[in-house]
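Here's a quick walk through the model you have open. Keep the viewer handy as you read.

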Amino acid sequence: MKRKAGAVLVRILLVIMAVYTLFPIAFLVLNSFKSQAEIVDSPMALPAVWTLDYIKSALNQIHFVQGFGITLFITAVSVFVLVIVSSLAAWMMVRNKTKWSQAAFLLFTAAMLIPFQSVMYPLLSVFDMLQLRNLAGLILMYCGFGLSMSVFLYHGFLKSVPQSLEEAAAIDGATIFQMFFKVVFPMLKSTTVTVIILNGIWIWNDYLLPFLTIGNSEYKTLTLELYFAKMVSGQYSNSWELIFPAVLVTIIPIIIVYLFLQKYIMKGIADGAVKG
């Protein structure tokens with residue numbers, strides 16, 4: 001009886017947490033199809049007429065196609081570099097069991113604890129001197145900040161990969177890169193997907209780093225397009241019928257990716273953290 005009561009209580013708590021989590025998204029979706037008057041008068045009600053006019057207007061206002069392309073490019077390149085570099089670095093540290101490799105792993109782990117705000121201004125000063133306050137510099141920053149967590153996840157899982165597989169590949173004449181990309185890397189699927197999702201969501205939704213690095217340049221990410229359209233040009237001043245759909249179309253792509261790949265997240269995190 002006590003077990004049943006405990007199970008019911010757990011389910012109730014899970015339902016409450018689910019509603020609490022999904023409520024902002026539901027609120028955003030509902031108000032993305034309403035006029036200004038409808039949003040102000042009844043923000044929790046269903047739209048009187050379901051129309052895509054407000055979403056189409058928002059797409060034009062935030063230059064969605066250009067912003068989407070730039071954001072996708074930055075995210076894809078950054079995540080690709082993170083996956084390749086972090087997996088190779090973790091593999092080398094796991095297979096070369098020396099004091100130097102252990103010290104390097106400890107440095108990567110410690111870097112996860114350093115807040116971005118503490119190095120923000122010195123980092124920007126250095127990038128300014130190197131003339132890297134551009135898209136290339138932004139990608140380089142993302143690779144640097146995302147490397148420690150990615151190495152940590154790969155390092156934990158690689159400890160469970162049998163070294164005998166690599167030795168067999170070496171006997172067959174495989175080079176070190178063939179050994180890694182044809183034997184080891186395919187076994188890192190769950191961890192790789194986790195690294196892609198976690199870094200992809202962060203980079204796609206990030207506002208602060210693009211704002212500090214590229215600002216109001218010609219090439220802006222979706223978050224910057226949304227910010228400058230609202231705050232600088234004043235197009236969105238109190239225009240909730242444009243703010244809500246603009247935010248919606250900005251987050252939809254990454255939500256779709258997350259829904260398709262979500263089953264790998266917990267598995268990858270568990271493989272990277274527990275097995276290490």
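## L138, tucked away

At 0% relative accessibility, L138 counts as buried (buried is under 20% relative accessible area, exposed over 50%, partly exposed in between, using a 1.4 Å probe and protein chains only). This is a predicted model, where local features need pLDDT of at least 70 and side-chain atom pairs pLDDT 80 or more, while totals for chains, interfaces and linings use all residues. Residues are numbered from 1 along each chain as its sequence is written, and side-chain values use heavy atoms, with hydrogens and water left out.

So what does L138 touch, leaving aside neighbours within four places in sequence? Its contacts (heavy atoms within 4.5 Å) are I74, L132, L209, P210, T213 and I214. P43, on the other hand, sits 95 residues away in sequence and 38 Å away in space, C-alpha to C-alpha.

## Helix 7

L138 belongs to helix 7. Helices here are DSSP runs of H or I with at least four residues, strands are runs of E with at least two, and both are numbered from the N terminus. Helix 7 covers residues 135-158, and its 24 residues should span 34 Å at 1.5 Å a residue; the end C-alpha atoms are 32 Å apart, which agrees. That expected span is 1.5 Å times one less than the number of residues.

There's a kink of about 45° in helix 7, centred on L147; the bend is the angle between axes fitted to the seven residues ending at a residue and the seven starting there. Helix 7 is largely enclosed by the rest of the structure, because 17 of its 24 residues are buried.

## N199 in helix 10

Over in helix 10 (residues 189-205) you'll find N199. Is N199 buried or exposed? With a relative accessible area of 2%, N199 is buried.

The N199 side chain reaches the backbone oxygen of V195 at 2.9 Å. Setting aside neighbours within four places in sequence, N199 is in contact with V79, L82, G146, M149 and S150.

## The whole chain

Zooming out, the protein chain has 14 helices and zero strands. Its C-alpha trace spans about 70 × 70 × 35 Å along the principal axes, and buried residues make up 38% of the 276 residues. For contacts with a separation of 6 or more, 73% come from residues 24 or more positions apart.

How values were computed
A polar contact is a pair of N or O atoms within 3.5 Å; within protein, one must be able to donate a hydrogen and the other to accept it, and residues adjacent in sequence count only if both atoms are side-chain atoms.
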